[in-house]
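Please keep the sequence and the model in view while reading.

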Amino acid sequence: MESSQAQQQQPAAAKPKAAPKKAEKKAPAEKKPAAEKKPAADKKPAAEKKPQPKKDSPDFPIPSFIQERANLYEELKKNAKPIEEKPIKVILKDGKVVEAIAGKTTPFDIAKSLSSTLANNAVVAKVDDKLFDLFRPLEQDGLLEILDFNTPEGKHTFWHSSAHLLGQALERRYEANLCIGPALNEGFYYDAATNDLVSDAHYQDIEKLVEDIVKQKQPFERLVVSKADALNLFKFNKYKIEIIGKIPDEDTVTLYRCGTFIDLCRGPHLPNTNRIKAFKVTKNSSAYWLGKAENDSLQRVYGISFPDGKLLKEWEEFQAEAARRDHRLIGKHQELFFFHPMSPGSCFFLPHGARIYNKLMELIRNEYRDRGFTEVITPNMFDVELWTTSGHWQNYQKNMFSFDVEGSKFALKPMNCPGHCLMFGHRPRSYRELPVRYADFGVLHRNEFSGALTGLTRVRRFQQDDAHIFCTSDTIEEEITNAFAFMEHIYGVFGYEFSLELSTRPEEFLGEIAVWNDAEKSLETCLNKFGRPWKLNPGDGAFYGPKIDIHIQDALKRSHQCATIQLDFQLPIRFDLEYTTEDKDGKTRRPVIIHRAILGSVERMFANLTEHFAGKWPFWLSPRQVIIATVSEKHLAFAEEVRKRLHVAGFFVDVDSSDKKLPKKIREAQLAQYNYILVVGAEEVANETINVRTRDNVVHGSMSVDALIHDLSELVKNHK
């Protein structure tokens, strides 16, 4: 973790490879600081002493550096200045006022006075809208809210504290130098520098150590120290030293302790370790320190935890269902796509996968005609001068593929907007032309770390249903309202529920704050008029403008960010884009750009839909719509006639001409997820009909080919 002043370090997202199952070379010994030598306790003990436990035992001795750190902490603790005790007033969420004493009364005390159930379920407090330890004494008058595990803040705090238990176990099991251990959207992880590689054979050891920590009911403690004291406390750990080194000398550093474990951390945390009733190590992998490939390779251990064992069991059942729906497994089973080491992060879509991919783009293209969008085609690579003008080179260069061309630096495009700006600006524009709505399915490339590549959800080569709307300021609301309607229609086709977030100005941004404020206000107005609930996501906007992020919920209620609507006042300025107004003097103004995507990355949407439907594609999107199963080879000629008629009607249809028995043909077709199975035998040949059944074994019986074509056409028309 880290100090209260240091900017939050991003997780070391680049995982060079999954946790090795085979033996690998150990990290070079010189990378570990001298102070990290194994303690004397690891040496062979004297004969009269009790033998030390074996390395595969969960009862691992405490390394000497941990005891030394604990001793230093105790000395620092003696110098901590108590908060002056004085009467204060605490206002609860319901408006009730509670009398308390600053420096003495804690949020937990107040929760306990209100209800034992509230106190027992409490995870973290919120004081004046800032998260606050339950065990930390209040300091002044303020608003107090008690949060349990069922709140987003409660889950984050619970998993944050669980990461500390994991860190304590890793220090014991591996004598590890810990790095960073954040809470995630679900669960947590800790990165550690170890001489021994972590493997799944060690999970039981780690879990047993955590179980002991939980039983000990170790209280969490918070302590604020000087930078110099923090450097001394973590002198054995070069990674913590690097984090502390980024803090200004005059700033303080916040520490948290539970048991033998002490860490740099902003907090807040649980009252004690006994609140964690269920803990599981879920996986491990390799990672780079701070996510940079040139840095040390580390061991990353992931975990999940809950305040109730039943919740863990439910989670495990959920994971089993999610694994069954994994798009990578379904993609392989249904022969939809694959990846190859000759082009990492770039998908090979096989014929049946390409059918789905093209159907998704066709769905959007058909809507473009009715919604006033014009599709364009733009180059894949541009001179870096373009990216410098747009600001991408300064802000996004590390995620771009660049190379030299005849002495000039070029880069593959990671997004389409600068190219569309060139299109808009290549000739004079009039207000009569606006809005101009450019749509582009151009191929994009982003230089993702190899360790971050994950099936179709994180790739290097992809396409988007990208569009940029050049409009006047007074039509922003209308265009965004139309974008909402477009998005609502498409997500309705897939059966997705969705939620909305307004992401505002990040720390690194282009332009003037006043312009940003106007843009954010415009988006907020549009969200309020749309009428759906939304929440604020401060500081997560694009560097060129605020945005509305849309999160879809799949059949498992998992959230995925796909669509986005971004308001941009910056690129028109940077590219000097103008249009002539209706004023007689020929005055010009700058357009506003609205960046809009609904599917987002087609690859990512493909993955989401695969898992959403569990590979059971609706007929209109299915790559295997119909198969004709013959009773015997005598019926093949008629089966082929039926196939041709369905093919001409626009459907994907196959014939099973094998010599397998009919029940086996039907079963194999159902497993292959053909939507409809047409049985052809002597009776069907004689009557020129087919016998229709579905993959779910619903038998529709005999019907004519024309009637079937009509019914199937209706399914396609209505996206069923």
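## Terms and basis

A residue is called buried when its relative accessible area is under 20%, exposed when that area is over 50%, and partly exposed in between, with a 1.4 Å probe and protein chains only. Helices (H or I, at least four residues) and strands (E, at least two) are DSSP runs, numbered from the N terminus.

This is a predicted model, in which local features need pLDDT of at least 70 and side-chain atom pairs count only at pLDDT 80 or more, while totals for chains, interfaces and linings use all residues. Residues are numbered from 1 along each chain as its sequence is written, and side-chain values use heavy atoms, with hydrogens and water left out.

## Helix H17

Helix H17 spans residues 602-612 and is mostly covered, since 10 of its 11 residues are buried. Among the buried residues are Val602, Met605, Phe606, Leu609 and His612, and the list also includes Glu603 and Glu611.

At the start of H17, a side-chain oxygen of serine 601 comes to within 3.3 Å of the backbone nitrogen of glutamate 603. Following H17 is alanine 614, which has a positive phi, near 55°.

Two strands are taken to pair if DSSP finds at least two bridges between them. An open sheet of 4 strands, with antiparallel pairing, runs in the order E6-E7-E12-E11. Strands E6 (177-178) and E11 (278-288) stand at the edges with a single partner strand each, so one side of each is left without a neighbour in the sheet. The antiparallel pairing of E6 with strand E7 (residues 188-193) extends over 2 bridges, and leucine 178 has alanine 192 in E7 as its bridge partner.

Helix H4 (residues 152-174) packs on this sheet, touching E6, E7, E11 and strand E12 (297-306), where contact means heavy atoms within 4.5 Å. The direction of H4 makes about 30° with that of E7; axes are lines fitted to C-alpha atoms, for helices over the stretch in contact, and angles run from 0 to 180 degrees between N-to-C directions.

## Tyrosine 190

Tyrosine 190 has its place in strand E7 and, at 0% relative accessibility, counts as buried. Its side chain is joined to that of lysine 240 by a polar contact of 3.4 Å. Such a contact is a pair of N or O atoms within 3.5 Å; within protein, one must be able to donate a hydrogen and the other to accept it, and residues adjacent in sequence count only if both atoms are side-chain atoms.

## Aromatic pairs

Rings of Phe, Tyr and Trp (its six-membered ring) pair if their centres lie within 6.5 Å; planes under 30 degrees apart count as stacked, over 60 as edge-to-face and the rest as tilted. By this rule there are 33 aromatic pairs. Tyrosine 239 and tryptophan 289 form an edge-to-face pair, 5.1 Å centre to centre with 65° between the planes. Tyrosine 239 lies in helix H7 (residues 238-245) and tryptophan 289 in the loop between E11 and E12, so this pair ties together parts 50 residues apart in sequence.

The rings of phenylalanine 349 and phenylalanine 606 have centres 5.3 Å apart and planes at 50°, so this pair is tilted. Phenylalanine 349 lies in strand E14 (residues 348-349) and phenylalanine 606 in helix H17, so the pair ties together parts that are 257 residues apart in sequence. Phenylalanine 349, at 22% relative accessibility, counts as partly exposed, whereas phenylalanine 606, at 0%, counts as buried.
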